[in-house]
Amino acid sequence: MVRPGARWGRGNLAGYLYLAPAGALLLAFHVYPLFYGAYVSLFRWGLTKEAFVGPSNYWGVLRDTDFWRSLLVTVYYVVGVVPVEIVLGFLIASLLARKIHGRAAYRLVYFLPYITSMVAMGLVWSWIFNANFGLFNSLLRLLHLPPQRWLLEPRSILALLLPAGAFSATAGPSLALICVAIVTIWYYTGFHVVVYLAGLTAIPAEVHEAARLDGAEGWRQMRWITLPLISPTTFFLAVIATIGAFQSFAIVYTLTGGGVSGAEAGGPLGTTRVATLFIFTTFYNEFRVGYATAAAFVVFVILLALTGLQMRIGERRVHYLG
Amino acid sequence: MRISRTAVHILLLCGAVATTLPFFWMLSSSLKSNVEAIRFPPTLVPQEWLWQNYVRALAAAPFPRYFLNSLIQSTGVAACVTLTSALAAYAFAFLEFPGRRLIFGAFVATLLVPPEITLIPNFVVITALHWYNTFLALIIPLGASVLSIFLLRQAFLAIPRDLHDAARADGCSSGYFLWRIVVPLSGPSLAVVGLLAFLRAWNDLLWPLVATSTENMRTVQVGLLAFSQNVSTEYNLLMAATVMTVLPTVAAFLLAQRQIIEGIGTTGLRG
């Protein structure tokens with residue numbers, strides 16, 4: 001307890017002093033940029049501040065078809081990546097929760113991609129997907145199947161499977177985007193496995209035991225005991241995976257041919273140009289800093305609304321223990 | 001669910017093969033000749049082990065310089081994050097001061113600010129400070145992490161408060177207590193926080209790409225990306241370079257995998 005007379009004594013001051021270094025850095029590089037960005041977004045801003053333009057950057061962004069297209073690509077990407085990561089993560093974790101031999105080794109292997117660099121693994125994968133001498137096309141050739149252009153294919157998977165003309169070329173995510181999604185899933189599934197495993201092992205064994213005595217086995221045990229009890233973890237993972245996928249940069253950038261110059265990133269035909277790439281190239285290659293910042297704020301508001309929606313749904317659906 | 005043990009192992013092994021295949025392919029190709037690397041049908045194990053690919057890759061671009069830059073950046077970030085987080089976590093866990101909960105809430109709220117937004121303003125700020133193309137720009141903006149503060153606060157809360165009260169009654173200063181009691185007792189947590197900060201900085205692409213422009217300031221990730229465009233036809237050299245980029249993080253992870261996995265499993269700390 002703090003003695004009333006000593007509120008601003010030496011002990012109290014110490015608290016602020018200990019917080020000062022972290023607080024100053026957070027203030028300078030996380031809070032201040034938020035306000036400064038809001039300021040920048042109201043200017044025509046190239047290499048330096050040029051002219052005050054009010055909200056016209058925002059009107060520009062909202063009328064920019066390239067921007068909306070990048071958001072659509074982002075939505076395809078997020079919807080393709082998040083559920084798969086969660087389902088795969090849960091399935092693998094529930095297999096690993098059985099106390100089988102080599103559990104630690106499996107966990108280690110699945111987690112390995114997560115600690116490597118996205119640039120390095122993006123380069124490895126872009127070679128595996130290479131249209132001329134990549135591993136996947138070699139496998140297709142061995143099976144006497146036609147080779148694919150993978151990361152260079154702007155057509156959607158439906159357009160590829162169905163007879164020509166049945167679907168327009170722009171319908172659905174391109175094969176290239178699906179390839180990017182596969183690599184993303186490969187990279188993050190281990191993270192989901194580890195978080196799920198921690199959640200699953202935290203469920204008391206007696207709960208399962210009691211359900212078993214009541215006759216719940218197999219699927220019913222899973223449906224009525226495990227899934228409800230693990231739902232806070234699922235909810236947590238869904239929220240952070242959505243935010244993470246919305247902000248993906250390095251993996252998309254590397255796989256789609258972005259180099260130090262930033263050229264070509266988001267190809268083919270812009271079908272992998274997610275919102276972060278739109279913001280980055282507008283800023284880095286075109287030097288439209290005010291416009292790019294306005295776009296970043298629009299994305300932020302959309303993501304905030306999406307997270308808020310998830311929270312509301314989560315509130316109603318998630319079962320907490322106790 | 002009732003699945004036999006064998007089936008479980010088969011499923012898990014399939015997943016493990018799918019997960020490790022790119023690593024295997026990277027390693028194997030890094031030792032092949034370029035002709036063998038793009039041969040059809042592909043060879044799984046190199047017919048000829050060309051260890052000199054690594055020497056050639058190192059000579060083909062200033063990789064030692066990239067490694068040094070990344071090492072300085074990542075070590076700097078790790079030291080900075082560990083220090084600022086330990087100090088802040090100590091205040092939140094042990095000290096009483098007005099507005100403690102409010103400030104903690106404000107710290108957590110900064111997690112909501114997305115990197116897309118801070119990227120451009122931070123670029124403008126470091127340019128104004130004349131930090132562009134310096135290590136200060138690579139290190140200082142990454143020097144505080146709310147998730148690390150959170151993780152350390154949890155670790156510090158596990159230390160009995162009686163210990164703190166007793167030390168205080170004995171006239172021990174808070175700095176002495178932090179340094180002599182809390183830090184030694186929380187060694188593994190501090191190591192995990194430091195290591196995760198190191199890995200995050202080592203693997204980062206976006207910020208070093210934006211904050212530096214000259215070759216002598218490039219980090220490993222930016223350098224690797226540049227290298228990939230220069231040697232786009234020599235896959236064996238490219239794979240040797242990626243192995244070298246990934247190796248330090250894998251080694252660090254293997255050394256402290258149990259602590260890292262537990263830290264992430266229980267807090268959901270992302271990178």
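In this predicted model, the residues that line the second largest pocket divide into 10 nonpolar, six polar and six charged, where Ala, Val, Leu, Ile, Met, Phe, Trp, Tyr, Cys and Pro count as nonpolar, Asp, Glu, Lys and Arg as charged, and the others, Gly among them, as polar. The volume of this pocket is about 790 Å³, and of its 22 lining residues the closest to its centre are Ser94(A), Ala97(A), Arg98(A), His208(A) and Arg212(A). A pocket is an open set of points on a 1 Å grid over the protein atoms alone, where a 1.4 Å probe fits, with protein on both sides within 12 Å along at least five of seven lines, and lining residues have an atom within 4 Å of a point. At least two lining residues come from each of α3 (65–96), α8 (175–201), α9 (205–213) and α10 (218–246) of chain A, helices being DSSP runs (H or I, at least four residues) and strands likewise (E, at least two).

Chain A as a whole has 13 helices and two strands, and its C-alpha atoms fill a box of roughly 75 × 60 × 35 Å along the principal axes. Of its 322 residues, 52% are buried, that is, under 20% relative accessible area, with exposed meaning over 50% and partly exposed in between (1.4 Å probe, protein chains only).

In chain B, Phe24(B) lies in helix α1 (residues 5–30) and is partly exposed, with a relative accessible area of 39%.

Residues are numbered from 1 along each chain as its sequence is written, and chains are lettered from A and ligands numbered from 1 in the order in which they are written. Local features need pLDDT of at least 70 and side-chain atom pairs count only at pLDDT 80 or more, whereas totals for chains, interfaces and linings use all residues, and side-chain values use heavy atoms, with hydrogens and water left out.

Key:
Grid points are joined across faces, edges and corners, and a volume is the space filled by probe spheres set on the points.
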